[in-house]
Amino acid sequence: IIKTIEQNPVVMIQGETGCGKSTQVPQFILFQHMKYLKHCNIVVTQPRKIAAISVAKRVCAENGWEIGGLCGYQVGLENVSSDHTCLLFCTTGVLLQKLITAKTIDNYTHVILDEVHERSQEMDFTMLTVRKLLREKCPNVKVSFLKGCAGFMFVLLLLLHHITSTIASINELLLHYINKQLQTGDIDVGNNGCVCV
Ligand SMILES: Nc1ncnc2c1ncn2[C@@H]1O[C@H](COP(=O)(O)OP(=O)(O)OP(=O)(O)O)[C@@H](O)[C@H]1O
Ligand SMILES: [Mg+2]
(Lines give C-alpha, C1' and ligand atoms only; values in the text may rest on other atoms or scores of the structure.)
(Ligands and ions follow the chains in the order given, each with its own letter.)
Protein backbone atom coordinates (compact mmCIF):
# COMPACT_ATOMS: atom_id res chain seq x y z
CA ILE A 1 0.00 0.00 0.00
CA ILE A 2 2.77 2.41 0.95
CA LYS A 3 4.66 1.69 -2.24
CA THR A 4 1.57 2.22 -4.38
CA ILE A 5 0.77 5.50 -2.62
CA GLU A 6 4.35 6.69 -3.02
CA GLN A 7 4.45 5.86 -6.71
CA ASN A 8 1.09 7.33 -7.68
CA PRO A 9 -0.56 10.68 -7.06
CA VAL A 10 -4.05 9.23 -6.69
CA VAL A 11 -4.86 5.79 -5.35
CA MET A 12 -8.07 4.01 -4.48
CA ILE A 13 -8.04 1.36 -1.78
CA GLN A 14 -10.95 -1.00 -1.45
CA GLY A 15 -11.27 -3.51 1.34
CA GLU A 16 -13.82 -5.41 3.36
CA THR A 17 -15.45 -3.84 6.38
CA GLY A 18 -13.15 -3.98 9.37
CA CYS A 19 -9.98 -4.76 7.40
CA GLY A 20 -8.33 -1.57 8.67
CA LYS A 21 -8.74 1.00 5.91
CA SER A 22 -9.64 3.87 8.22
CA THR A 23 -7.39 3.11 11.18
CA GLN A 24 -4.37 1.39 9.61
CA VAL A 25 -3.70 3.07 6.25
CA PRO A 26 -3.05 6.52 7.81
CA GLN A 27 -0.80 4.86 10.39
CA PHE A 28 1.18 3.03 7.67
CA ILE A 29 1.89 6.40 6.05
CA LEU A 30 2.67 8.13 9.33
CA PHE A 31 5.07 5.43 10.56
CA GLN A 32 6.80 5.22 7.20
CA HIS A 33 7.51 8.93 7.36
CA MET A 34 8.56 8.78 11.02
CA LYS A 35 10.93 5.92 10.22
CA TYR A 36 12.76 8.03 7.65
CA LEU A 37 12.33 11.29 9.62
CA LYS A 38 10.32 12.76 6.77
CA HIS A 39 7.76 15.50 7.24
CA CYS A 40 4.13 14.52 6.77
CA ASN A 41 0.79 16.17 7.27
CA ILE A 42 -2.02 13.71 6.71
CA VAL A 43 -5.69 14.62 6.66
CA VAL A 44 -8.33 11.91 6.66
CA THR A 45 -11.99 12.68 6.11
CA GLN A 46 -14.98 10.83 7.47
CA PRO A 47 -18.57 11.52 6.40
CA ARG A 48 -19.76 11.76 10.01
CA LYS A 49 -18.47 13.57 13.10
CA ILE A 50 -18.78 10.52 15.31
CA ALA A 51 -16.64 8.44 12.93
CA ALA A 52 -13.91 11.10 12.75
CA ILE A 53 -13.73 11.30 16.55
CA SER A 54 -13.91 7.54 17.03
CA VAL A 55 -11.17 6.71 14.48
CA ALA A 56 -8.87 9.42 15.85
CA LYS A 57 -9.36 8.10 19.39
CA ARG A 58 -8.80 4.52 18.23
CA VAL A 59 -5.50 5.41 16.51
CA CYS A 60 -4.35 7.23 19.66
CA ALA A 61 -5.41 4.32 21.88
CA GLU A 62 -3.53 1.83 19.67
CA ASN A 63 -0.34 3.84 20.13
CA GLY A 64 -0.82 5.13 23.65
CA TRP A 65 -0.93 8.73 22.43
CA GLU A 66 -2.87 11.58 23.93
CA ILE A 67 -5.62 12.75 21.61
CA GLY A 68 -4.78 16.10 20.02
CA GLY A 69 -1.04 15.48 19.97
CA LEU A 70 0.43 13.65 17.01
CA CYS A 71 -3.08 12.59 16.05
CA GLY A 72 -6.20 14.68 16.50
CA TYR A 73 -9.58 15.50 15.05
CA GLN A 74 -11.64 18.45 13.91
CA VAL A 75 -15.40 18.24 13.60
CA GLY A 76 -17.58 21.31 13.31
CA LEU A 77 -16.23 23.89 15.75
CA GLU A 78 -14.53 21.25 17.89
CA ASN A 79 -10.84 21.23 17.10
CA VAL A 80 -8.78 18.77 19.12
CA SER A 81 -5.42 19.17 17.42
CA SER A 82 -2.20 21.08 17.99
CA ASP A 83 0.88 22.33 16.15
CA HIS A 84 2.32 18.83 16.58
CA THR A 85 -0.60 17.12 14.88
CA CYS A 86 0.40 15.44 11.65
CA LEU A 87 -2.54 13.04 11.40
CA LEU A 88 -5.85 14.86 11.47
CA PHE A 89 -9.23 13.16 11.17
CA CYS A 90 -12.02 15.53 10.18
CA THR A 91 -15.41 15.52 8.57
CA THR A 92 -15.63 15.85 4.80
CA GLY A 93 -17.24 19.28 5.28
CA VAL A 94 -14.33 20.54 7.39
CA LEU A 95 -11.79 19.58 4.72
CA LEU A 96 -13.93 21.12 1.99
CA GLN A 97 -14.06 24.39 3.95
CA LYS A 98 -10.30 24.30 4.59
CA LEU A 99 -9.54 23.73 0.90
CA ILE A 100 -11.90 26.48 -0.25
CA THR A 101 -10.34 28.93 2.22
CA ALA A 102 -6.72 27.99 1.51
CA LYS A 103 -7.28 27.59 -2.25
CA THR A 104 -4.48 25.08 -2.20
CA ILE A 105 -4.03 21.48 -1.23
CA ASP A 106 -0.30 21.49 -0.67
CA ASN A 107 -0.54 22.15 3.08
CA TYR A 108 -1.01 18.40 3.14
CA THR A 109 1.32 15.65 2.11
CA HIS A 110 -1.53 13.12 2.07
CA VAL A 111 -5.26 13.60 1.65
CA ILE A 112 -7.34 10.52 2.40
CA LEU A 113 -11.05 10.58 1.61
CA ASP A 114 -12.77 7.76 3.43
CA GLU A 115 -16.13 6.19 2.57
CA VAL A 116 -16.10 7.72 -0.91
CA HIS A 117 -18.92 5.44 -1.99
CA GLU A 118 -21.28 7.28 0.36
CA ARG A 119 -22.59 9.86 -2.04
CA SER A 120 -23.32 13.23 -0.49
CA GLN A 121 -23.09 16.77 -1.80
CA GLU A 122 -20.14 17.42 0.49
CA MET A 123 -18.27 14.37 -0.74
CA ASP A 124 -18.94 15.19 -4.39
CA PHE A 125 -17.82 18.80 -3.95
CA THR A 126 -14.77 17.75 -1.98
CA MET A 127 -13.71 15.35 -4.75
CA LEU A 128 -14.29 18.02 -7.37
CA THR A 129 -12.30 20.55 -5.33
CA VAL A 130 -9.46 18.09 -4.81
CA ARG A 131 -9.40 17.35 -8.53
CA LYS A 132 -9.43 21.05 -9.42
CA LEU A 133 -6.60 21.87 -7.00
CA LEU A 134 -4.57 18.89 -8.19
CA ARG A 135 -5.04 19.91 -11.81
CA GLU A 136 -4.32 23.60 -11.36
CA LYS A 137 -1.39 23.50 -9.01
CA CYS A 138 -0.09 19.99 -9.62
CA PRO A 139 1.39 19.68 -6.12
CA ASN A 140 3.12 16.62 -4.78
CA VAL A 141 0.28 15.77 -2.48
CA LYS A 142 -0.86 12.15 -2.45
CA VAL A 143 -4.58 11.51 -2.57
CA SER A 144 -6.13 8.23 -1.46
CA PHE A 145 -9.73 7.12 -1.55
CA LEU A 146 -10.92 4.45 0.82
CA LYS A 147 -14.06 2.54 0.21
CA GLY A 148 -15.84 -0.57 1.32
CA CYS A 149 -18.26 -1.52 -1.41
CA ALA A 150 -20.37 -0.27 -4.34
CA GLY A 151 -20.30 3.05 -6.17
CA PHE A 152 -16.89 2.51 -7.64
CA MET A 153 -17.80 3.63 -11.14
CA PHE A 154 -18.74 7.12 -10.10
CA VAL A 155 -15.45 7.80 -8.37
CA LEU A 156 -13.52 6.32 -11.26
CA LEU A 157 -15.29 8.48 -13.76
CA LEU A 158 -15.02 11.62 -11.64
CA LEU A 159 -11.31 11.21 -11.25
CA LEU A 160 -10.62 9.63 -14.57
CA HIS A 161 -7.80 11.98 -15.40
CA HIS A 162 -6.11 11.60 -12.06
CA ILE A 163 -6.51 8.05 -10.92
CA THR A 164 -3.27 6.38 -11.77
CA SER A 165 -3.61 3.30 -9.70
CA THR A 166 -6.36 1.39 -8.03
CA ILE A 167 -6.09 -1.38 -5.50
CA ALA A 168 -9.39 -3.08 -5.75
CA SER A 169 -11.15 -6.34 -5.96
CA ILE A 170 -12.38 -6.06 -9.49
CA ASN A 171 -16.14 -6.22 -9.67
CA GLU A 172 -18.26 -6.67 -12.73
CA LEU A 173 -18.77 -3.01 -13.39
CA LEU A 174 -15.11 -2.26 -13.20
CA LEU A 175 -14.33 -5.20 -15.40
CA HIS A 176 -16.77 -3.92 -17.97
CA TYR A 177 -15.20 -0.48 -17.73
CA ILE A 178 -11.68 -1.83 -18.05
CA ASN A 179 -12.55 -3.95 -21.04
CA LYS A 180 -14.03 -0.90 -22.71
CA GLN A 181 -10.99 1.20 -21.94
CA LEU A 182 -8.60 -1.53 -23.02
CA GLN A 183 -10.14 -1.36 -26.48
CA THR A 184 -9.34 2.34 -26.67
CA GLY A 185 -5.90 1.85 -25.16
CA ASP A 186 -6.52 4.29 -22.29
CA ILE A 187 -5.99 1.79 -19.53
CA ASP A 188 -3.32 -0.62 -18.50
CA VAL A 189 -3.79 -3.53 -16.10
CA GLY A 190 -0.63 -4.55 -14.29
CA ASN A 191 0.02 -8.19 -13.41
CA ASN A 192 -0.14 -7.32 -9.70
CA GLY A 193 -3.88 -6.59 -10.01
CA CYS A 194 -3.44 -2.80 -10.02
CA VAL A 195 -5.41 -0.88 -12.58
CA CYS A 196 -3.64 2.07 -14.10
CA VAL A 197 -5.69 4.69 -15.94
N1 LIG B 1 -12.91 2.16 18.56
C2 LIG B 1 -12.60 0.88 18.34
N3 LIG B 1 -12.58 -0.01 19.36
C4 LIG B 1 -12.27 -1.31 19.14
N5 LIG B 1 -11.94 -1.80 17.95
C6 LIG B 1 -11.93 -0.97 16.91
C7 LIG B 1 -12.26 0.42 17.03
N8 LIG B 1 -12.17 1.00 15.82
C9 LIG B 1 -11.80 0.01 14.97
N10 LIG B 1 -11.65 -1.15 15.62
C11 LIG B 1 -11.25 -2.43 15.02
O12 LIG B 1 -10.12 -2.23 14.18
C13 LIG B 1 -10.28 -2.94 12.96
C14 LIG B 1 -10.10 -2.01 11.80
O15 LIG B 1 -11.13 -1.02 11.81
P16 LIG B 1 -11.27 0.06 10.66
O17 LIG B 1 -12.31 1.02 11.13
O18 LIG B 1 -9.94 0.61 10.32
O19 LIG B 1 -11.82 -0.81 9.45
P20 LIG B 1 -12.36 -0.33 8.04
O21 LIG B 1 -11.66 -1.15 7.01
O22 LIG B 1 -12.21 1.15 7.92
O23 LIG B 1 -13.88 -0.72 8.09
P24 LIG B 1 -15.14 0.00 7.39
O25 LIG B 1 -15.15 -0.44 5.95
O26 LIG B 1 -16.31 -0.55 8.16
O27 LIG B 1 -14.98 1.47 7.54
C28 LIG B 1 -11.67 -3.57 13.00
O29 LIG B 1 -11.53 -4.93 13.18
C30 LIG B 1 -12.39 -2.92 14.14
O31 LIG B 1 -13.19 -3.84 14.82
MG1 LIG C 1 -13.54 2.72 7.70
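Which residues of helix 4 (residues 92–102) are buried? In this predicted model, the buried residues of the helix are T92, V94, L95, L96 and L99. Their cover comes from several elements, including strand 2 (42–46), strand 3, strand 5 and helix 5 (121–137). The residue that follows helix 4 is K103. Its phi is positive, near 55 degrees.

The protein as a whole is described next. Its secondary structure comes to seven helices and 10 strands. Of its 197 residues, 36% are buried. Among contacts with a separation of 6 or more, 66% join residues 24 or more positions apart. The average pLDDT is 80. A score of at least 70 is reached by 74% of the residues. Over residues 161–173, however, pLDDT stays under 50. The model has 36 contacts beyond four places in sequence for this stretch. Residues 187–197 also have a pLDDT below 50.

Strand 3, part of the cover of helix 4, spans residues 71–75. Five of its five residues are buried. In a regular strand, side chains alternate between the two faces of the sheet. In strand 3, both faces are covered. C71, Y73 and V75 lie on one side, and G72 and Q74 lie on the other.

Strand 3 has pairing partners in strand 4 and strand 5. With strand 5 (residues 87–91), the pairing is parallel and runs over four bridges. Within it, Q74 has C90 of strand 5 as its bridge partner. With strand 4 (residues 78–80), the pairing is antiparallel and runs over three bridges. Here Y73 is bridged to V80 of strand 4. Strands 3 and 4 form a hairpin, with two residues between them. The turn contains G76, which has a positive phi of about 55 degrees.

The largest nonpolar core has 42 residues. C90 and V111 are the residues with the most contacts inside this core. Which residues does V111 contact, leaving aside its neighbours within four places in sequence? They are V43, I105, V130, V141 and V143.

Two loop residues deserve a separate look. Most residues other than glycine have a negative phi. L37 is not a glycine, yet it has a positive phi of about 50 degrees. L37 is found in the loop between helix 2 (21–35) and strand 2. E115 is likewise a residue other than glycine with a positive phi, near 55 degrees. E115 lies in the loop between strand 6 (110–114) and helix 5.

Are these residues buried or exposed? L37 is exposed because it has 6 other C-beta atoms within 10 Å. E115 counts as buried because it has 20 C-beta neighbours inside 10 Å.

Notes:
Residues numbered from 1 in each chain as written. Chains lettered and ligands numbered in written order. Buried ≥ 20, exposed ≤ 12 C-beta atoms within 10 Å, placed from the backbone. Pairing = 2+ DSSP bridges. Contact = placed C-beta atoms within 7 Å. Core = buried A, V, L, I, M, F, W, Y, C linked by C-beta atoms within 7 Å. pLDDT = per-residue confidence, 0-100.
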